[in-house]
Each structure stands twice: as C-alpha cells, then as structure tokens.
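Thanks for passing this one along. Please have the model open while you go through my comments.

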Amino acid sequence: MQRRKFLGIATGSALAASAGMPHPSKAGDASMTSTETSYALTRPAYVDQSHLVVTDLPRVSSFYQSMLGLKVIEKSASGEVLGVNGVPLLTLTTGKNVRVAPRNAAGLFHTAFLMPNRTELARWLRHAAHNNVVLDGASDHLVSEAIYLSDPEGNGIEIYADRPHEAWKFHQDGQVEMATLGLNLQALYDSAPQDPWNGMAEGTAIGHIHLQVGNIPEADTFYRDVLGLKLMARYSGASFFATGDYHHHVAANIWNSRGAGARAAGMTGLSDYTLRFNDKAALDKAVAKLDELEIRSEKREGGVSLTDPWGIGLTLAA
C-alpha cells in the first residue's frame, strides 16, 4: 500500500471505533514529549493489565509482537503474557472449549495502549505504515491523539498519546471536555524520528480499557457508585470513568451491545482486567462497598476478584 494512501484513510474520519463524542470547532495543539511516568498511572487507581481469550494463540500473539511491539514475558501451552521492558500488560489464553463471541456481546470495545509521549506515537505510526497495518480510524480527542485498529480476531485496539494534563479543559461539574475530531496522520507520521523502531518504548502502559455493556445506567451504578470511579464524561450511549481527574481509565458503551446480558463461559474476547490502586484507602473503600452491597467477590493473593454486571472479570489490587 502506498504510504500516502495509508496515512489518508483515517484523516478527518470519525469512524465507529472512535465515534460517539461531540465535535467542537477546534482542537488544542499542545504536544506531549515528556518521558516521565504517564499521568494516567499516577492517579489513585489505573488499569494495570488485560486478559484476552483467543482461538488462535500463535497468530494473535504474533500480531501483538510484530505490529504492536510487545515482548513475550511468560509462555505456556495455553497462554502467553506480553509486555514492555519486562512489565506485563496483556495476557492471551486459549482452550479446547473456546467459542467466538458475537459482535453484540458484552466485553471489549478496545484495549488502549498509552504511549509515554507523542514522539513514540509517531514512531509507532511510521512502523505501522511501513508494515501495512490496517487502521480502523484515527481521532483527535482534545485530551489525546488516538489511532484505532483491531487484532486478527477482531479485538479492538487503541494506540494513543495524551496531551499534557494542564492543557485539558474541565467543565464546572468536574467533567473533562473531549471530542472526536479528525487526526492528521500525515503530519504525525512526518514528525517521527527516522531511527529504527525496536518495539514499544519503556513506559508504555494500558492507559484505559473501553467496554461493551448492556446498559449505561447499570454501568454508572457499578463503576461510579460501587467502585468509586468519577464520571468524567457522558455522551450518547457511553460513560467515561476515572480516578484523579484523568480523562478516563474505564469507559462503557452500548453502541454494539445494547441490552446484552452476562458473557457466557469460554467466550473469546475480554476475560478480565486489573484495576491497580496507588491509594490503598481508595481500594479499601471499594472493597467495603462490595461487602456492604453483598456483591460477590473473592480475596486472593493478587487482590480482590469479582465480575461486573456483564460477567467481565475484574481484579482490584494495590
């Protein structure tokens, strides 16, 4: 594919992978070049790891290694743990009874990989362009710049870089201003260094996870009222939740999954993910709320495990 054609497919688009937000007239132009710990990870809680169930483990793992630049940290006959610089981010597992989840099932909308800075986002885009990675879309969300694609089994992926937190705009109610504007991929590509790309840079993390759920009021009740995350933005059919005034650590939408019930055992897609608490008091408060509401959970060495209203696994850990 010609580079210019590749870089033009998402410019000015607002595809389904990134739809659902209003369109103000102009985005901020502040760029992020810091290599310090990403703001998302310094908040009271953040997304630590994600676990996908797949049908073809070698094929999917190869994609995340070659196209996203993750490295294998652990490996077994039924699964692999992938990450960056020895830090685990994504677990892939398979099994004999795995069955493909329908598109309208509750589960994953996308896993969002947060680059440590805009330069690394540009460097990844250059790698993608030179390897004919198929993109689903690209957007300027005011608070971030994001590129969307899917893995070989249709699991959504976002690759993004945040703009500096001080450049974000907040409304009087504490919610953050976000939008879906076209992203100039050509300009981003042109800003990339010409040095060889050797995989995801140190500091890459899962910045947020975006879920498909059955209905938004129930998602609000669970993520805001039970777990204590703050509602940072609300758009048609979607809510965005976070801690510490991040734009969102968890999002939930019904764009494909309105009315979906709990996931069946053995479905492909998102099995579970981890919310890591920097603030133990916030973790204790969330666990106490689970006990108060008699929501079933299990204390394990790695934290407290439970499922959300749609059967998506969740571990709360400090």
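Here are my notes, point by point.

1. First, the ground rules. This is a predicted model, so local features need pLDDT of at least 70 and side-chain atom pairs count only at pLDDT 80 or more, while totals for chains, interfaces and linings use all residues. Residues are numbered from 1 along each chain as its sequence is written, and side-chain values use heavy atoms, with hydrogens and water left out.

2. The overall inventory: the protein has 6 helices and 17 strands. Helices (H or I, at least four residues) and strands (E, at least two) are DSSP runs, numbered from the N terminus. Of the 318 residues, 55% are buried, where buried means under 20% relative accessible area, exposed over 50% and partly exposed in between, with a 1.4 Å probe and protein chains only. The accessible surface is about 13800 Å², and carbon and sulfur atoms own 48% of that; areas come from the Shrake-Rupley method with a 1.4 Å probe, and for residues only the protein chains shown count as cover. Take the contacts between residues at least 6 apart in sequence: 72% of them join residues at least 24 apart. A contact here is heavy atoms within 4.5 Å.

3. Which residues touch the most other members of the largest nonpolar core? They are Y64, L68 and Y273, in a set of 72 residues. A nonpolar core is a set of buried Ala, Val, Leu, Ile, Met, Phe, Trp, Tyr and Cys residues joined through side-chain atoms within 4.5 Å. Helix α3 (residues 118-130) supplies the largest share of this core, 6 residues. Another core, of 18 residues, lies apart from it, and includes A112, Y235, A238 and A251. Back to Y64: leaving aside residues up to four places away in sequence, Y64 touches L52, G69, L70, L82, L90, L92, F113, D151, N155 and I157.

4. On to the open sheet of 8 strands, with mixed pairing and the order β2-β3-β4-β1-β14-β17-β16-β15. Two strands pair if DSSP finds at least two bridges between them. β2 and β15 (298-300) are the edge strands, each pairing on one side only. Direction ignored, neighbouring strands are turned by 25 degrees against each other on average. Helix α2 (residues 57-66) lies across β1 (45-53), β2, β3 and β4, and runs at about 5 degrees to β3. For such angles, axes are lines fitted to C-alpha atoms (for helices over the stretch in contact), and values run from 0 to 180 degrees between N-to-C directions.

5. Is strand β3 (residues 79-84) mostly covered or uncovered? Covered: 6 of its 6 residues are buried. In a regular strand the side chains alternate between the two faces of the sheet. Here G79, V81 and G83 point one way, and E80, L82 and V84 the other, all of them buried. Note that E80 is part of that buried set.

6. Strand β2 (residues 71-75) runs antiparallel to β3, with 4 bridges, and K71 stands opposite G83. A hairpin through 3 residues links β2 to β3. On to strand β4 (residues 87-93), also antiparallel to β3, with 6 bridges; there T91 is the bridge partner of V81. That hairpin has 2 residues between the strands, and N85 in the turn shows a positive phi of about 55 degrees.

7. Q212 sits in strand β10 (residues 205-212) and has a relative accessible area of 5%, so Q212 counts as buried. A polar atom of its side chain lies 3.2 Å from the backbone oxygen of R103. Beyond four places in sequence, the residues that Q212 touches include A105, G107, F109, N253 and I312.

8. Y148, in strand β7 (residues 144-150), is buried at 4% relative accessibility, and its C-alpha is separated by 6.4 Å from that of I159, 11 residues apart along the chain. In helix α5 (residues 216-226) the buried residues are I216, A219, D220, F222, Y223 and V226. G228, with a positive phi near 85 degrees, follows α5.

Notes. Polar contact = N/O pair within 3.5 Å; in protein donor to acceptor, adjacent residues only side chain to side chain.
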